[in-house]
Amino acid sequence: EAISASPDVAAQAMIRKARRYIEYDRVSLLGHEATVFSFAFSPDGKTLATGSTDKTVRLWDVASRKPLGEPLRGHEHWVFSVAFSPDGKTLATGSWDKTVRLWDVASRKPLGPLRGHEDLVNSVAFSPDGKTLATGSADSTLRLWDVDFTRYPAYLCERIERNMTRAEWAEYIGDFKPYRKTCPKLPIPDEKS
């Protein structure tokens, strides 16, 4: 006759198993020195991005559960939200510092902050085509950002029919794209006048 374990023994075995699982997960994603607020998987499911109260964003290899290089730094406060673009090439992050930051996933370089919210940014999401980024803030606004940078030069040349000055570029485009001519066949305006 088979002897079955008592309910107490079975429960203790389940607790031991659960503890091992919890400890494994806690060890496997060490790296943040604070609370993780947000996470998102890349479209291919191979990378996990996390944002936390240590002001960093970390990228993790899902299969090995190891960090992919150094954390992404740039936010001045807690990172509340992260989202991958549909093609997985860009990561958007929203922070208590009232900014949205875009990152090139392959190079891990910042594409620059998007400014405009007046309070913490608690949600970010890309449109299915990846050309628009929606951001939500505690300032009670939802903003839509055109993040299809390939269209900017032609669009700007068409509208203002001249190259932007570096000062105009800094004010309207920001530092997420290095300055370049918007109308390649025209000279850059003299900035001294």
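Me: How many helices and strands are there in the chain?
Reply: This is a predicted model. The chain has 3 helices and 12 strands. Of its 193 residues, 39% are buried.

Me: How many aromatic pairs does the structure hold?
Reply: The structure holds 5 aromatic pairs.

Me: What makes Phe-37 and Trp-78 a pair, and why is the pair called tilted?
Reply: Ring centres must lie within 6.5 Å. Those of Phe-37 and Trp-78 are 5.5 Å apart, so the rings pair. The planes meet at 45°. Stacked needs under 30 degrees and edge-to-face needs over 60, so 45° leaves tilted.

Me: Where in the chain do Phe-37 and Trp-78 lie?
Reply: Phe-37 is in strand S1, residues 36-41. Trp-78 is in the loop between strand S5 (72-73) and strand S6 (79-84). The two residues are 41 apart, and the pair links distant parts of the chain.

Me: Why is Phe-37 called partly exposed?
Reply: Its relative accessibility is 34%. Buried means under 20% and exposed means over 50%, so Phe-37 falls in between. Trp-78, at 30%, is partly exposed too, because 30% also lies between those limits.

Me: What makes the pair of Phe-80 and Trp-96 stacked?
Reply: The angle between the planes is 25°. The cut-off for stacked is under 30 degrees, so this pair qualifies. The centre-to-centre distance is 5.7 Å.

Me: Which parts of the chain does that pair of Phe-80 and Trp-96 link?
Reply: Phe-80 sits in strand S6. Trp-96 sits in the loop between strand S7 (90-95) and strand S8 (100-104). They are 16 residues apart.

Me: How do you know whether Phe-80 is buried or exposed?
Reply: Phe-80 has a relative accessible area of 17%. That is under 20%, so Phe-80 is buried. Trp-96 has 35%, so Trp-96 is partly exposed.

Me: Which residues do ring pairs link into a cluster?
Reply: The cluster consists of Phe-37, Trp-78, Phe-80 and Trp-96.

Me: Where does Asp-54 lie?
Reply: Asp-54 is in the loop between strand S2 (47-52) and strand S3 (56-61).

Me: Why is Asp-54 said to have no salt bridge?
Reply: Asp-54 is buried, and the nearest side chain of opposite charge is Arg-58, 4.6 Å away.

Notes:
Residues are numbered from 1 along each chain as its sequence is written. This is a predicted model: local features need pLDDT of at least 70, side-chain atom pairs count only at pLDDT 80 or more; totals for chains, interfaces and linings use all residues. Side-chain values use heavy atoms; hydrogens and water are left out. Helices (H or I, at least four residues) and strands (E, at least two) are DSSP runs, numbered from the N terminus. Buried means under 20% relative accessible area, exposed over 50%, partly exposed in between (1.4 Å probe, protein chains only). Rings of Phe, Tyr and Trp (its six-membered ring) pair if their centres lie within 6.5 Å; planes under 30 degrees apart count as stacked, over 60 as edge-to-face and the rest as tilted. Lys and Arg count as positive and Asp and Glu as negative; His and the chain ends are not counted. A salt bridge is a side-chain nitrogen of Lys or Arg within 4 Å of a carboxyl oxygen of Asp or Glu.
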